[in-house]
Amino acid sequence: MNPDLILLPNPEHALFIDPRTPQFFDRLCDFNALSVRAQNVGFTLEKTARGDSAIPDADGKSLFFPELGLSFSHASCQAIHGTMRLEPEAEFRMELDLADRMNALNFGVTCDSEEAPRMRNLITGFAREPVPVDSLEKWRMSAQQAVSMCPCCVQQSMWRARHPRQHPIYQIFEMAVESKLPLHLRLRDENVDLTAELTPTDLQSSKGWIQLSSPDVRLQTNLYFLHAMGIRFRQRDGEILACLDIYNSHGQRMLEISADVAAAGVWKALCERVS
């Protein structure tokens with residue numbers, strides 16, 4: 001360990017970690033409580049779970065964490081940065097920049113938790129050099145490809161953002177909270193895939209965002225990029241489930257929500273009532 005890095009990361013300086021260091025991810029199994037956060041253009045899914053060991057796929061390009069319900073393309077990882085973030089709460093994080101999305105995946109622990117020294121030691125133990133946080137954010141902004149929309153889609157997106165409670169997804173989430181409906185969530189992007197089980201207890205909306213949460217899982221929806229939804233049925237462990245697929249304006253599926261098969265009729269009725 002470089003002794004000059006022992007007091008880092010801090011709010012002003014991140015630490016760069018070489019993404020080609022495979023043993024770095026093997027250390028995630030040391031954590032008893034680890035926050036895992038994945039995001040795509042429309043959703044952020046965060047869960048707290050016990051750490052897990054990484055299993056590489058046959059060609060070594062992807063890593064799979066069975067207990068976390070996570071897989072991602074290790075080959076697409078451009079950089080890893082250890083950071084200290086103060087909002088929404090103080091956390092030490094390992095932030096992964098993937099080829100298609102900056103900070104697409106991160107792992108974190110709160111700074112006042114028993115796990116904090118372990119996370120800080122992991123970050124400093126593999127760190128190569130400090131990076132000013134403002135420089136890191138500027139690099140991410142320049143590297144992230146903007147999502148294009150036609151003028152018609154932009155107008156519709158702005159309306160959705162201004163009226164979050166009038167969108168069918170808000171009504172569907174509200175019904176899930178009221179009925180304590182267990183949901184299986186799957187966030188998907190080109191290089192990351194994260195699943196979570198959520199029985200929601202809280203629903204909030206603000207400035208184009210909807211947040212659905214329980215004590216251990218949080219789903220944030222950016223209504224600006226939510227373009228279309230479709231209902232289908234799928235089989236899981238021999239059980240037929242209703243599945244709600246949510247797409248962006250480019251036809252890319254961003255999120256799957258699965259629930260008891262009876263939910264399909266309720267979802268359809270809510271979509272027809274609000275449309």
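This briefing describes the overall form of one protein model and then turns to selected residues within it. The model is predicted. Its secondary structure consists of 6 helices and 18 strands. The radius of gyration is 19 Å, which agrees with the value near 19 Å that a compact globule of 275 residues would have.

**Overall form**

- Taken along the principal axes, the box filled by the C-alpha atoms is roughly 60 × 45 × 40 Å.
- Of the 275 residues in the protein, 49% are buried.
- When contacts between residues at least 6 apart in sequence are considered, 57% of them join residues at least 24 apart.

**Surface and charge**

- The protein exposes about 13,500 Å², and carbon and sulfur atoms supply 51% of this area.
- There are 28 positive and 36 negative side chains in the protein.
- The centres of these two sets of side chains lie 5 Å apart.

**Helix H5 and the residue that follows**

- Helix H5 covers residues 168-179 and has 12 residues.
- From its first C-alpha to its last, H5 reaches 17 Å, close to the 16 Å expected at 1.5 Å a residue.
- The buried residues of H5 include Pro 168, Ile 169, Tyr 170, Gln 171 and Ile 172; Phe 173, Met 175 and Ala 176 are also buried.
- H5 is followed by Lys 180, which is located in the loop between H5 and strand S11 (183-188).
- Phi of Lys 180 is positive, near 55 degrees, in a residue other than glycine.
- Lys 180 counts as exposed because its relative accessibility is 61%, and the cut-off for exposed is over 50%.

**Loops on either side of strand S8**

- The peptide bond from Glu 87 to Pro 88 is cis, and its omega is near 0 degrees.
- Pro 88 belongs to the loop between strand S7 (77-85) and strand S8 (91-98).
- Asn 103 is found in the loop between S8 and strand S9 (105-110).
- Asn 103 is a residue other than glycine with a positive phi, near 50 degrees.
- With 14% relative accessibility, Asn 103 counts as buried, because buried means under 20%.

**Thr 221 in strand S15**

- Strand S15 (residues 217-222) contains Thr 221.
- Thr 221 counts as buried, at 0% relative accessibility.
- Not counting residues up to four places away in sequence, Thr 221 touches Gly 42, Phe 43, Phe 173, Gly 208, Trp 209, Ile 210 and Leu 226.
- One of these residues, Phe 173, is among the buried residues of H5.
- Thr 221 and Ala 79 are 142 residues apart along the chain, and their C-alpha atoms are separated by 26 Å.

**Gln 204 in strand S13**

- Gln 204 is part of strand S13 (residues 202-206).
- Its relative accessible area is 45%, so Gln 204 is partly exposed.
- Leaving aside neighbours within four places in sequence, Gln 204 is in contact with Trp 209, Ile 210 and Gln 211.
- Trp 209 and Ile 210 are in contact with Gln 204 and are also touched by Thr 221.
- From C-alpha to C-alpha, Gln 204 and Tyr 170 are 9.2 Å apart in space, and they are 34 residues apart in sequence.
- Tyr 170 is one of the buried residues in H5.

Definitions and conventions:
Residues numbered from 1 in each chain as written. Predicted model: local features only at pLDDT ≥ 70, side-chain atom pairs only at ≥ 80, totals over all residues. Heavy atoms only, no water. Helix = DSSP H or I, 4+ residues; strand = E, 2+ residues; numbered from the N terminus. Rg over C-alpha atoms; globule rule 2.2 N^0.38 Å. Buried < 20%, exposed > 50% of the residue type's maximum accessible area, 1.4 Å probe, protein only. Contact = heavy atoms within 4.5 Å. Areas by Shrake-Rupley, 256 points an atom, 1.4 Å probe, with all protein chains shown as cover. Lys, Arg positive; Asp, Glu negative; His and termini not counted. Charge placed at Lys NZ, Arg CZ, Asp CG, Glu CD. Expected span 1.5 Å × (residues − 1).
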